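Please read these points with the model open beside you.

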Amino acid sequence: MSCAHARSVRRRAPDFGRRRPAPASPGGRAVTAAPPRLRVVRFTPMGLTDRLSDALGVYVAAMGYPRAAIRQRAPLWREHTHRPGWRGVGALDERDTLVGLGYGYVGARGQWWHEEVRRGLLSTDPRGLHWLADYFELTELHVLPRAQGGGLGEHLLRTLLEGCDRGSVLLSTPELDPANPARAWRLYRRLGFVDVLREHRFVGDPRPFAVLGRALPLPAPSGGPGSADSG
């Protein structure tokens with residue numbers, strides 16, 4: 001992923017729902033570098049809900065889901081914005097079109113995902129329960145297919161986790177296809193995510209999932225701004 005021609009965004013990222021490009025701010029600190037003509041900004045909860053249709057459009061396109069999933073997922077995404085520790089990021093192109101996003105919150109007892117992972121660990125390897133003590137749940141991270149391959153996924157993930165005060169980050173992703181590993185798997189492995197739970201079936205979904213985790217903070221990019229190659 002090359003950042004050599006990255007554009008900066010202003011120190012205080014715009015409310016994501018307002019659809020206006022961030023003005024230039026000479027001397028300001030960028031939220032993150034991004035591939036050419038893209039800028040990565042921070043969500044506010046209201047910003048996400050104001051632009052929820054766009055965000056869910058990225059989600060279904062990236063995951064290959066039918067458009068009907070937008071209506072099904074919208075209430076859940078709105079509810080997530082009210083959870084403790086919620087934070088989100090998005091990527092905008094030169095036309096202010098949303099092309100990528102990520103969000104998550106502090107995991108805790110009583111949350112569906114937490115209890116599902118706990119159930120899986122109790123039935124396979126209870127030693128892994130320590131992962132659930134102090135973690136940030138990476139709930140969603142998606143990039144439109146046309147914007148993939150240039151490192152945007154890593155930029156979104158690094159920006160999302162910057163300053164997170166939890167001891168670790170956990171996520172779930174469809175189980176690995178060794179013959180055709182998804183970009184997400186290459187990204188997470190490159191950043192040091194390890195197996196927490198494999199071949200897990202969440203209630204209501206017949207597909208196998210892997211739960212991955214790593215300690216926070218993330219390490220600095222090992223090779224500098226041009227080192228990443230996918231995302």
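1. Start at Glu 199. Its relative accessibility is 47%, so Glu 199 counts as partly exposed. The classes are buried under 20% relative accessible area, exposed over 50%, and partly exposed in between (1.4 Å probe, protein chains only). Glu 199 sits in strand E6, residues 194-200. Its phi is positive, near 55 degrees, and Glu 199 is not a glycine. Most residues other than glycine have a negative phi.

2. A note on the basis. This is a predicted model, where local features need pLDDT of at least 70, side-chain atom pairs count only at pLDDT 80 or more, and totals for chains, interfaces and linings use all residues. Residues are numbered from 1 along each chain as its sequence is written, and side-chain values use heavy atoms, with hydrogens and water left out.

3. Asp 96 also deserves a check. Its phi is near 65 degrees, again positive in a residue other than glycine. Asp 96 lies in the loop between strand E2 (87-92) and strand E3 (98-106). Is Asp 96 buried or exposed? With 9% relative accessibility, Asp 96 counts as buried.

4. Look at the bond from Leu 216 to Pro 217. This peptide bond is cis, with omega near 5 degrees. Pro 217 falls in the segment after strand E7 (209-215). Most peptide bonds are trans.

5. Now the overall fold. The protein has 6 helices and 7 strands. Helices (H or I, at least four residues) and strands (E, at least two) are DSSP runs, numbered from the N terminus. Along the sequence the pattern reads β-α-α-α-β-β-α-β-α-β-α-β-β. Of its 231 residues, 47% count as buried.

6. The sheet is open and mixed in pairing, with 7 strands in the order E1-E2-E3-E4-E5-E7-E6. Strands E1 (39-42) and E6 form the edges, each pairing on one side only. Two strands pair if DSSP finds at least two bridges between them. E6 and E7 run antiparallel and are joined by 4 bridges. Asp 195 has Leu 212 in E7 as its bridge partner.

7. Helix H3 (residues 68-80) lies across E3 and strand E4 (135-143), at about 55 degrees to E3. Contact means heavy atoms within 4.5 Å. Axes are lines fitted to C-alpha atoms, for helices over the stretch in contact, and angles run from 0 to 180 degrees between N-to-C directions.
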